Amino acid sequence: MTDLSPLPITEVVAVSSQDDLQQLVQQCHADSVSMYPLGGQTSLGFGVPARTEGIGIDLRGINQVIDFPVRDLTITVEAGILMSDLNSLLAAEGLMLPLHVPQMSNATLGGVIATNTNGPGRFGYGTVRDYVIGIRALSGDAQVYNAGGRVVKNVAGYDFCKLLTGSLGTLGIITQVTMKLKPIPTRQATVIAPVNDVQHADRVVAELMNSMVRPVAIEFLQGSEFTTVVDAVDQSSAALAIVLHGTDEEVDWMIGKLRRELSSSKVRDSHNLDADSHEQLWSQLCDFAADDTALAVTESRTVSSGCVSIINLALKQHPDCAVQSHMGDGIVTMKLPEDSDAQVSDLVIKTLGPEARRHHGHVVILSAANAAELTTQSVWGDPSSPDFLIQKLREQFDPQRLINPGRFVYQ
Amino acid sequence: MPNGVTPKIVDGLQRIVGPENVLTAQSDRMVYECDGFTIEKNCPDVIVFPTCTEHVSGIIKLCNREDVIFLPRGAGTSLAGGTLAVGGGVMLVLTRMKEIEEINLRDRYAIVQPGVVNIWLTRALAGTGYHYAPDPSSQGACTIGGNVATNSGGPHTLKYGVTVNHVLGVEAVTADGTVIMVGGPSGEPIGPDLVGAMVGSEGTLAVVTRVWVRLTRNPEGTRTMLAVFESVDDATRAISAIIGEGIIPAALEMMDQGILVALEKAFKFGFPLDAEAILLIEVDGIEAGLDAQRDQITDICNRLGAREVRQAADDAERQKLWKCRKQAFGAIGRIASSLVTQDGVVPRTQLPFIFSKIQEISSKYNIRIVNVFHAGDGNIHPVFLFDERNENEVKAVLEAGGEILQACLDCGGSVTGEHGIGVEKVGFMNKMFTDGDIEMMTRLRITFNPDGRLSPNKMLPVAGACGVERIKPSRTVAM
Ligand SMILES: Cc1cc2nc3c(=O)[nH]c(=O)nc-3n(C[C@H](O)[C@H](O)[C@H](O)COP(=O)(O)OP(=O)(O)OC[C@H]3O[C@@H](n4cnc5c(N)ncnc54)[C@H](O)[C@@H]3O)c2cc1C
């Protein structure tokens, strides 16, 4: 049984159709009852601890496949579908939705879009924004609304696909989605490049950015949890994991080229992982951020060249932390162990946040064991996005502020 | 009812931007009476050229104080009437904000002002190993601000994605004059993807004053192929088959016989004039994989009845092919007295269907239609050739266009893939979206543009507002 305790939920209602959901939202709207949409319940601790009591709405029953025209490379599904179910459905046709999110077997597609969750493959494949081409949602006052469509190119009307991405449920409950798909590459491989330190990793990445090799992911790893798969990595030594996708011919060529380039960047002992270790590391890379034993997990989002100083700062302050960084994209995920003495809010507000801002970015807390310690300022860093506009949007799309009240920057 | 532009307002505008940046003479304003959509025309009351964000904010605040309407314009290449000054008002032309402010290769972004012409950025990046991916055929004229507003596509956006997939952040001025900054070089702000929602909003939410764009690494190699088909039907089936087998080329364009004849007259490329259609197909990426991809595509085309598939001999031939493609419309202009292009989208497996539908509609109305498609994403551009002095033909062109768009909707498509709704297609919004959808779109607009003074009568059907009546299409050279 999942722990719902981060949210003040009085009762969970499971809905099994979009119509049921609309009726329920209508009722809640009429009675001014707060609603907490629940997908796979993988991110309930995300945000500030909510205080307003309300009902939980379990959306996993809204999970039908509406249309899967395989040869158009698109699919329309209901948003409660589990990512793992969606992936197996697609894989059976040689297709994929390349969003490599954590906890695939719990996360729902709607939840992934609402939280704009992206994985290590974003360097090569892009993010949620690049795949959602049609959407249907229910506003806080029970209005059903659609945007986009089922074709890959379309500029008719305002693009709610984008607006709802990252909206954390506050502009509506996503009920149905059309996605653009990609064919599964025939071959995947990982090259490990042990590095001397973070500066060294940064130089290698800077060169890799100009290489003809086109990685799908460029991951910096440090921390003992990686040792089982990558013996070059432990608490005090780091490596880059460079993931390549393509045909056999392409991947072989890239591996050869990459290893030569790495050795001229003074990387000794670069090597490729065997297929099993590649798979194992890949799922570890996707799931790194989802760890409920950690004291806290923070994510810094800056420009790529900003990673080096964020990682250095993280490791200097907390040598016991584990770090994974999508270095090509400027994302640094820092995981503090259960027994860490870190003051999470302080770390984010006083240390990581200001450094991230120097590199055009910010820091968010993805999860924290001691939620009580969190404030809006610590969870959301210093959001530079136009708060007042988002507040006004919220008024328009959920006039009574019934969906997920109080969890996010904009109430 | 908003006010007209008074001498006091002109005076205020001149004080903000300097008299050299304000146009009031009728003869000067005429240039701005329409854009690439020439059916409707209306002069704005005054034209103003801001040169910085503060100017834009100042102008908008003045318009609000004086209760006059206003709208932004880039190069005016819109094919949907996006810059039509419905009701007159103040037009902000952003072409004097034209600096490329920063190019950062390490972090793969550039910062540009909205008036930067698309191709200037490509030129500024020459030799760096990077490029800006969205390449509309109008790239020699259109501005990046306009591209952001319309979410432009281009031949190579099939593989690389359209404008929205390459915009990391924007600075913009909302309808009340407030300067906002959304996103930025690191590209992932907290909360709803406002950057994504502002791209493609056709100038109805805010005036974009600065753009952070993503830079893309150049491919190591390319293979450009020309596949010649005896029948259009085979060609469209080949397109569906290529995509259906999971191959996404960098570009996949179709040109039919009518276009080829015109191109041949103009460019003497050596196109086979007895062929019903050719596909222009390009794959790119690392050299190691390219020959295999080329061969796979060649096999599919041969299997579906291609008469010949050949590869561009060298870069010069490749450049020439792309030149032909991008100037297809100029070339048709030479063979017809009037022409108008439609922009619709179908699922890619429906290309054979929509093509036969277009032929059926062409003979039903007895109007000549030639076709040049961004075929890989199902984006069709049928071009109607007619004589605009003949009222019956004009009427037929309008009806035939509407029927083709309806056919796109009937098979699950859209009424616009890249040109936008503007004023041209407002009437189709109710066919594509429910009242509820439009109600929510209106709520989004109200959030940014509560008094409706920014670009009124665009994109959304407004209850009570008189739609622009379509009487005559004219030369809309497009694609
Ligand atoms: C020959 C030809 C070929 C074309 N080929 C293509 C193609 O391949 N793909 C494609 O997508 N389009 C194409 N187009 C259409 C057109 O070029 C694009 O829509 C382009 O993006 C418009 O840019 P612009 O600077 O001319 O904008 P304008 O036409 O001046 O304006 C277009 C819209 O954007 C708004 N706008 C302009 N600047 C701003 C700003 N700074 N802030 C907010 N709103 C603003 C305007 O109000 C208007 O609604 C073509 C047009 C022609 C004439």
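Modeller: What follows begins with the contact between the chains and then turns to domains and single residues.

This is a predicted model, in which local features need pLDDT of at least 70, side-chain atom pairs count only at pLDDT 80 or more, and totals for chains, interfaces and linings use all residues. Residues are numbered from 1 along each chain as its sequence is written, chains are lettered from A and ligands numbered from 1 in the order in which they are written, and side-chain values use heavy atoms, with hydrogens and water left out.

Contact here means heavy atoms within 4.5 Å, and by that rule 71 residues of chain A and 85 residues of chain B take part where the chains meet. Between them, chain A and chain B bury about 6500 Å², and 59% of this lies on carbon and sulfur atoms; buried area is the accessible area (1.4 Å probe) that two parts lose on being put together, summed over both. Within chain A, the residues that lose the most area to chain B are A:Lys153, A:Val155 and A:Tyr158, which together give 15% of what that side buries.

In one salt bridge, the side chain of A:Asp202 meets that of B:Arg106 at 3.1 Å, N to O. Polar contacts join 27 residue pairs between chain A and chain B, both residues being at pLDDT 80 or more; the term stands for a pair of N or O atoms within 3.5 Å, where within protein one must be able to donate a hydrogen and the other to accept it, and residues adjacent in sequence count only if both atoms are side-chain atoms.

Several elements of chain A each supply at least two residues of the side that touches chain B, including α4 (122-125), β8 (144-148), α6 (198-209) and α12 (387-397). Of these, α12(A) provides the largest share of that side, 7 residues. Sorted by class, the side of chain A that touches chain B has 32 nonpolar, 23 polar and 16 charged residues, where Ala, Val, Leu, Ile, Met, Phe, Trp, Tyr, Cys and Pro count as nonpolar, Asp, Glu, Lys and Arg as charged, and the others, Gly among them, as polar. Helices (H or I, at least four residues) and strands (E, at least two) are DSSP runs, numbered from the N terminus.

Inside chain A there is a further contact to follow. Chain A is divided into domain 1 (65-183), domain 2 (187-287) and domain 3 (296-380), with bounds that come from an automatic or database domain assignment. Taken over C-alpha atoms, the centres of domain 2 and domain 3 of chain A are 23 Å apart, and 17 residues of domain 2 of chain A are in contact with 17 residues of domain 3 of chain A. These two domains of chain A bury about 1400 Å², of which 52% comes from carbon and sulfur atoms. The rule finds 1 salt bridge across the interface of domain 2 and domain 3 of chain A, together with 9 residue pairs in polar contact, both residues at pLDDT 80 or more. On the side of domain 2 of chain A that touches domain 3 of chain A, α6 and β12 (217-222) of chain A are the elements that give two or more residues, and α6(A) gives the largest share, 6 residues.

A:Thr190 counts as buried because its relative accessibility is 2%, and buried means under 20% relative accessible area, exposed over 50%, and partly exposed in between (1.4 Å probe, protein chains only). The side chain of A:Thr190 makes a polar contact with the side chain of A:His278 at 2.6 Å. Leaving aside neighbours within four places in sequence, the residues in contact with A:Thr190 include A:Ile242, A:Asn272 and A:Leu281.

Conventions. A salt bridge is a side-chain nitrogen of Lys or Arg within 4 Å of a carboxyl oxygen of Asp or Glu.
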